[in-house]
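Please read the points with the structure in view.

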Amino acid sequence: MPRRVIIIVLDSVGIGEMPDAANYGDVGSYTLGNIARQRGGLNLPHLQKLGLGNINSITGVPATPSPLGNYGKMAEQSLGKDTTTGHWEMAGVILERALPTFPKGFPKEFIDSYEKAIGRNVIGNEVASGTEIIQRLGDEHVRTGKPIVYTSADSVFQVAAHEEIIPLPELMRICQIARDMLTDELQVGRVIARPFLGKPGNFYRTTNRHDFAIEPPHKILLEYIKERGLEVSTVGKIKDIYAGRGVTSSVLTKGNMDSVNKILEFMSKTENGLIMANLVDFDMLYGHRNDVEGYARALEEFDERLPKILQELRSEDMLVITADHGCDPTHPGTDHTREYVPLLVLGPNLSRGVNLGVRSTFADLGATVTEYLNSEPLLNGKSFYEEIGNIGG
């Protein structure tokens, strides 16, 4: 029978500091646990039934004696705590050098060269929230035509521009120039075009965002599955993170709940292969903004939608719920946090309640997926498929 794997990445939903957290200034970070503690508890009954509370102690989400899923947590073997790094490792790529970040902005020498290359001066060149910086610098941009350059805790070079001031084709051109120029020690994971519209005081980002990602250094999970003749459907920013490699169909989304809708749509029409989604709101809207209550509500909203996803599982499906890094909103600063990520795996024909322990790399997930879908094994990772078995034969 056709088999499908559905991977849902809850962006930044970490489950406790890793042993090397001190190297990153992240001692004490625990995204899920600290949110729950500060909030006085989380109400996640469906994730609880799958075994979320069996992984680590979470206020309001106790361990269950008979979880419906298999549970554990994964350590990041790559250096760094970046979106690209985490997703790449799931797909079998382990980085020995962290992708660079620029907490003080990009070097003046680079900015000078970039301005000459695109024929425009830029404004900004700082770490900022994308929604905040267009309100603060948007008026100057509209008056002068200077694109807004900024970065974040991620390894990114972002260019914001009003679509009526710098048309989309021109914005894409100057982002491609940045992508070509950012090499060696400046080689960020992604250059992101951030178009917006509106009037001063009421600027808003449009859905025409585009990410220019670096290419993974070798073949990734998605390519192995595609080469097997199976479908690879991606939801949200997944396609951009992997530079489109191995993707057969993709859709962009407007927030977590729209992402869940798109997951369900793919589940209704995908016959075999991989459906992979990233739910970015946890990180983008709440983690980086230290919004504990917003983060908590977003977790509970996802939990409320989970039964519908479970209802749509077919007999040969494997559902995986995990994350790519932490972003503890209670932790000092607004950066990602170096944490383990949760691992929940279930399916109608899989065993239940198996403790998968602490996986030494996110690549164990990719290795399991390739084994389940009978594709060529990844270069990295150890499959845990044998541990959860196929009780359905």
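1. Five residue pairs are in polar contact between domain 1 and domain 2, both residues at pLDDT 80 or more; a polar contact is a pair of N or O atoms within 3.5 Å, one able to donate a hydrogen and the other to accept it, with residues adjacent in sequence counting only if both atoms are side-chain atoms. Helix H4 (83-90) and helix H9 (238-241) are the elements that give two or more residues to the side of domain 1 that touches domain 2; helices are DSSP runs (H or I, at least four residues), numbered from the N terminus.

2. The model is predicted: local features need pLDDT of at least 70, side-chain atom pairs count only at pLDDT 80 or more, and totals for chains, interfaces and linings use all residues. Residues are numbered from 1 along each chain as its sequence is written, and side-chain values use heavy atoms, without hydrogens and water.

3. Domain 1 comprises 4-97 + 216-387 and domain 2 comprises 108-213, with bounds from an automatic or database domain assignment. Their C-alpha centres lie 29 Å apart.

4. No salt bridges are counted between domain 1 and domain 2 (a side-chain nitrogen of Lys or Arg within 4 Å of a carboxyl oxygen of Asp or Glu).

5. Asn-256 lies in helix H10 (residues 256-269). Asn-256 counts as buried because its relative accessibility is 4%, the cut-off being under 20% relative accessible area (1.4 Å probe, protein chains only). The C-alpha atoms of Asn-256 and Asp-281 are 6.0 Å apart.

Note on methods. Buried means under 20% relative accessible area, exposed over 50%, partly exposed in between (1.4 Å probe, protein chains only).
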